[in-house]
Amino acid sequence: MINIDEAINFIINSKNINLDKSFEYSKLCSKLLRDKETENLGRRLIINIIDNWKKLDETTYEVWIDLIEAEGFYPYLEKEKLSIKSTASAIRKETSKSKNLDYYLHDEQQKVKNLLDSGKNVIVSAPTSFGKSLLIEELVAEKKYFNIVIIQPTLALLDETRKKLKKYSEDYHIIVRTSQEASIEKRNLFLLTAERVMEYFDMPTIDLLIIDEFYKLSANRDDERSDVLNNAFYMLLKRDNVKFYLLGPNIDKISDGFEEKYNAEFFKTDYSLVEQIVEEMYEDDFKNKEYKEEVLFNLLMTLSKNSEYQTMIYCSSPNSARNLAQKFLNFISNLIDEKKDKVNLIEWIEKNVSQHWMLINCLKYGIAFHDGALQKHIASSVIKYFNKKKLNFLFCTSTIIEGVNTSAKNIIIFDKHKGLKQTKNIIDFFDYSNIKGRAGRMMEHYVGRVYNFNEPFTSQENLIVDIPFFEQKPIKDEVLIHLEDEDIVDKDSEQYKELNALPDDEKELFKRNGVLVDGQKKILKRLRKDIIDKRELVLWNRNPNYEQLKYVLYLAWDFLIKNGETTFPMTRGNLVRVTYWYERKASIKWLLKDIYDSDKKNIAWVKKNKLRLENYVKTLSKEDKKFYKDEDKDWKRLVANKALLKLDNSQLIDKAIQEAFNILRHWFQYKVPKWLRTIHTLQDFVCLEKNLKSGNYLYYANKVESDFIRDNLSILAEYGIPKSAINKIEKYVNSKIDENEVVNLLKNEEFIRKIDFIDYEKEKIKDSI
């Protein structure tokens, strides 16, 4: 038999595929497709033939069209306008056409849709290029369900989904925030993170629950938010007996017994309409970092010369992505000219962040980076520009594992870690498969290329996604506390007995807050004492003074941070300070300057004290040295800031920007509001016990989360409109109108024209509304 890789190489590299070769490959393909064991190889052959269609001898078109149709590749038949001759084939093709979308489903999508229509709950494991997300739109478009919840792991993914589904806003009230009330008159579509599902207290009965990237339910995937995803899933199952559709990539099995209990079917397929060709690039010499980077940069230049522009480079962390992007910028700027069609984002950065941010020069050369620390509107713009081919190179972190939809022809796996190298968290085969799956895109790039700069990944044992609320081994207190008695597997465990011994009212309180149970118990104990001794620190409303904010955030920091959770470079004292002052300044530029000035002071201090401290440490005994390094504040300051000496001024600016954006995204828009709401409920509980009037932290929590934007305009930030534009809009919008009216105002071109927006702000409003 012909070697399949040899055949594919011939198809790719030859200028023409003559009559004999075409028939030879079509016979091979037919044979492969008839056997389940080799069917994937046949599909690979078909995809490469479609990608090189014009090379074929025209007399063999009909044979190949029959094979393409037989394998159910109907979307490609339609896209390439390939005519089917057989009546039976034409009937099969029309049967595969969506009843709700202008789209043909491929064979395996149709099987999943049939399962969903059968009344079963469906759990799908399929490759990235399968088109699982298209079925989400199919379910929305058919208007069969009155209330739908879609849970995705990131706000960026949810916003991408909102933009895709906003065309259905006539039929659905689209809800993205807990402050939005559900409609009674029309259907509701909830696009929420798991945290927001749990915080939405008046949610109506849900008919359909969709969980994207459902492997995040697993307690074994080291995701700190798996507990709240379990709780949201369990809550809707118990409360509404909700129908569900779970989707994710490269999963082999789920918890035994789950399908039977919940009338579900686990549907695993490796069917894909995209071929990924892997090139192993690893050399022993890659231990030399500079050499490895040189090989990468030369490869990127080669890919760009071949017009295969869309390339994503996987990096372990935001620091790694930025540093590599900067080095590549230095490399490429000596070889090519700036792009003529500059993107609008550049002007916004210059006006609102800094004229010296390295991203500006990167964008001018078609380079960008993407990670979870970027502001939402910048991250979505970078992806949009990349997909529209305005950017050629995208340096990414694990955000690409979590399903950011891109049209990358090529994926380069440069680093082998996730997060900081010190954590030694090496990407496993599951991560590798998901990153690899981003190469190519159905309906755009039939064949994607993967360049692996690390030692070749070998297959691992089957990936089994445990569902902790069902399997309960292991299970965290934060999940176990939510389970009803009838669902407890081991009622004799010490963990269950301890939770069950809690007073009912405390138990309900801890459940509602959804954060560390043990931490909440400790805070409750402290509050019962401090409500008497430090009443002025606990009982405040609207805006706290410095000491009140310090009291609350110190409590949260000390008791609500999970083991292993990364807080670096934030400290609890600095968190209080920047939160307090950011409210008063409400400016990203202030935050940048604050971080930059602090770094400059630390550099001056290190230069002054480094030699003295290091010489002193040399005089200590081994035992005293260890104690000193663990306890001395000056030594800790030296260790924390010594690396700053290696940074030039532009690198200090980039560092300040990265940290400022991380503070806004991670601390202000996620952690601090969650902590404030949690401790609000705990102090309210204690005040009820003591018959005291409680404080109210909710106003301030909402303000922090919405970047101190006026209430009826905060929906615009959720939609990815920059704060600079929202500040301009504020002058023209009455504070008494509701957020739906605000959104409708921005659909009015006359209203937009009277405000002095820059081009980027207009672009974001048009994209978002």
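**Helix packing, backbone and cavities**

Tutor: Helix α1 passes α2 in a left-handed crossing. Please keep in mind throughout that this is a predicted model.

Student: At what angle do α1 and α2 pack, and how far apart are their axes?

Tutor: The angle between α1 (residues 4-13) and α2 (residues 19-33) is about 140°, and their axes are 12 Å apart.

Student: Why is that pair oblique?

Tutor: Only angles over 145 degrees count as roughly antiparallel, and the angle here is about 140°. The helices α1 and α2 are therefore classed as oblique to each other.

Student: Staying with α2, is Leu-28 buried or exposed?

Tutor: Leu-28, which lies in helix α2, has a relative accessible area of 7% and is buried. The cut-off for buried is under 20%.

Student: What is the C-alpha separation between Leu-28 and Leu-45?

Tutor: Their C-alpha atoms are separated by 9.0 Å, and the two residues are 17 residues apart along the chain.

Student: What about α22 and α23, at what angle do their axes cross?

Tutor: The axes of α22 and α23 (residues 517-533) cross at roughly 120° and come within 10 Å. This pair is therefore also oblique, because the range for roughly perpendicular is 65 to 115 degrees. The crossing of α22 past α23 is right-handed.

Student: And how do α27 and α30 pack?

Tutor: Helix α27 (residues 588-618) packs against α30 at an angle of about 130°, with the axes 9 Å apart. That angle makes α27 oblique to α30. Here α27 passes α30 in a right-handed crossing.

Student: Changing topic to cavities: how many of 30 Å³ or more are there?

Tutor: The count is three cavities of 30 Å³ or more.

Student: What volume does the largest cavity have, and how many residues line it?

Tutor: The largest cavity has a volume of about 280 Å³. Its lining is made up of 21 residues, and those nearest its centre are Gly-514, Val-515, Lys-562, Tyr-670 and Lys-674.

Student: Which helices supply at least two residues each to that lining?

Tutor: They are α10 (194-199), α11 (226-240), α22 (504-513) and α30 (649-690). The largest share comes from α30, with four residues.

Student: How does the lining of the largest cavity divide by class?

Tutor: Ten of its residues are charged, seven are nonpolar and four are polar.

Student: And the second largest cavity, what is its volume?

Tutor: The second largest cavity has a volume of about 70 Å³. Its lining includes Leu-155, Leu-158, Asp-159 and Arg-162, together with Val-176, Leu-191, Arg-196, Lys-376, Glu-718 and Tyr-719.

Student: Which helix gives the largest share of that lining?

Tutor: Helix α9 (residues 155-165) does, with four residues. By class, the lining of the second largest cavity has five nonpolar residues, five charged residues and no polar ones.

Student: Where do Pro-474 and Pro-569 lie?

Tutor: Pro-474 is in the loop between α19 (468-471) and α20 (477-480). Pro-569 is in the loop between α25 (546-560) and α26 (572-585).

Student: What is the phi of Glu-213, then?

Tutor: The phi of Glu-213 is near 55°, a positive value in a residue other than glycine. Glu-213 lies in the loop between β5 (208-212) and α11. With 6% relative accessibility, Glu-213 counts as buried.

Student: And Asn-250, where does it lie?

Tutor: Asn-250 is in the loop between β6 (243-248) and β7 (253-254). Although not a glycine, Asn-250 has a positive phi of about 55°. Its relative accessible area is 26%, so Asn-250 is partly exposed.

Note on methods: Residues numbered from 1 in each chain as written. Predicted model: local features only at pLDDT ≥ 70, side-chain atom pairs only at ≥ 80, totals over all residues. Heavy atoms only, no water. 1 Å grid on protein atoms, 1.4 Å probe; cavity = no way out; pocket = protein on both sides within 12 Å on 5 of 7 lines; lining within 4 Å. Points joined across faces, edges and corners; volume = space filled by probe spheres on them. Nonpolar A, V, L, I, M, F, W, Y, C, P; charged D, E, K, R; others polar. Buried < 20%, exposed > 50% of the residue type's maximum accessible area, 1.4 Å probe, protein only. Axes fitted to C-alpha atoms, helices over the stretch in contact; angles between N-to-C directions. Parallel < 35°, antiparallel > 145°, perpendicular 65-115°, else oblique. Left-handed = near helix turned anticlockwise from the far one by under 90°.
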